[in-house]
Amino acid sequence: MSDSTIQEKRNLRQRRKRRIRIKVFGETERPRLSVYRSLNHIYAQVIDDSTGKTIAAASTLSPELKDGKGKKKDRAKDVGKLVAQKCKTANVGAVVFDRNGFNYHGRIAAVADGAREGGLKF
């Protein structure tokens with residue numbers, strides 16, 4: 001792929017992200033679960049937008065999940081379960097899901113499924 005193609009893909013995702021963020025806002029009773037996907041890792045954090053604070057965060061680089069074994073999709077589901085567990089300790093039961101411009105498919109959907117299994121309500 002040429003540099004211009006990569007830049008165009010990046011720009012299109014940023015435009016989708018802006019459109020989503022207009023509609024999705026995390027409040028104190030329902031914070032925002034934001035998911036970011038890189039080539040090798042996946043990151044999830046629960047953010048209260050009214051105060052600008054991160055309530056809970058988890059990724060494939062977290063010490064609890066650092067073993068690095070298994071398929072990416074399975075590890076993404078584990079990230080969802082871990083962030084749900086951290087939300088339980090912070091007394092958060094419901095969130096709004098921010099897919100961050102990525103398609104709701106594959107690893108992004110696996111994080112959402114893991115968070116639901118962990119007890120979070122969307």
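Reply: A patch is made of residues with over 30% relative accessible area and no salt bridge, where like charges are joined within 9 Å and nonpolar side chains (Val, Leu, Ile, Met, Phe, Trp, Tyr) within 5 Å. A salt bridge is a side-chain nitrogen of Lys or Arg within 4 Å of a carboxyl oxygen of Asp or Glu. This is a predicted model, in which local features need pLDDT of at least 70 and side-chain atom pairs count only at pLDDT 80 or more, while totals for chains, interfaces and linings use all residues. Residues are numbered from 1 along each chain as its sequence is written, and side-chain values use heavy atoms, with hydrogens and water left out.

Me: Which residues gather in a patch of positive charge on the surface?
Reply: Lys and Arg count as positive, and Asp and Glu as negative, while His and the chain ends are not counted. The place of a charge is taken as NZ of Lys, CZ of Arg, CG of Asp or CD of Glu. The residues that gather in the positive patch are Arg15, Arg18, Arg19 and Lys23.

Me: Is Arg15 buried, partly exposed or exposed?
Reply: Arg15 is found in helix α1, residues 3–23, where helices (H or I, at least four residues) and strands (E, at least two) are DSSP runs numbered from the N terminus. Buried means under 20% relative accessible area, exposed over 50%, and partly exposed in between, with a 1.4 Å probe and protein chains only. Because its relative accessibility is 48%, Arg15 counts as partly exposed.

Me: How many residues of helix α3 are buried?
Reply: Helix α3 covers residues 107–117 and is mostly covered. Its buried residues, including Ile108, Val111 and Ala115, pack against β1, β2, α2 and β4, where contact means heavy atoms within 4.5 Å. The number of buried residues in α3 is 8 of 11.

Me: Is Asn100 buried or exposed?
Reply: Asn100 lies in the loop between β4 and α3, and its phi is positive, near 65°. Most residues other than glycine have a negative phi. Because the relative accessible area of Asn100 is 7%, Asn100 is buried.

Me: What separates the C-alpha atoms of Arg32 and Asp49?
Reply: Arg32 is placed in strand β1, and because its relative accessibility is 8%, Arg32 counts as buried. Among the residues that Arg32 touches, not counting those up to four places away in sequence, are Val46, Asp49 and Asp98. Arg32 and Asp49 are 17 residues apart along the chain, and their C-alpha atoms are separated by 7.5 Å.

Key. Areas by Shrake-Rupley, 256 points an atom, 1.4 Å probe, with all protein chains shown as cover.
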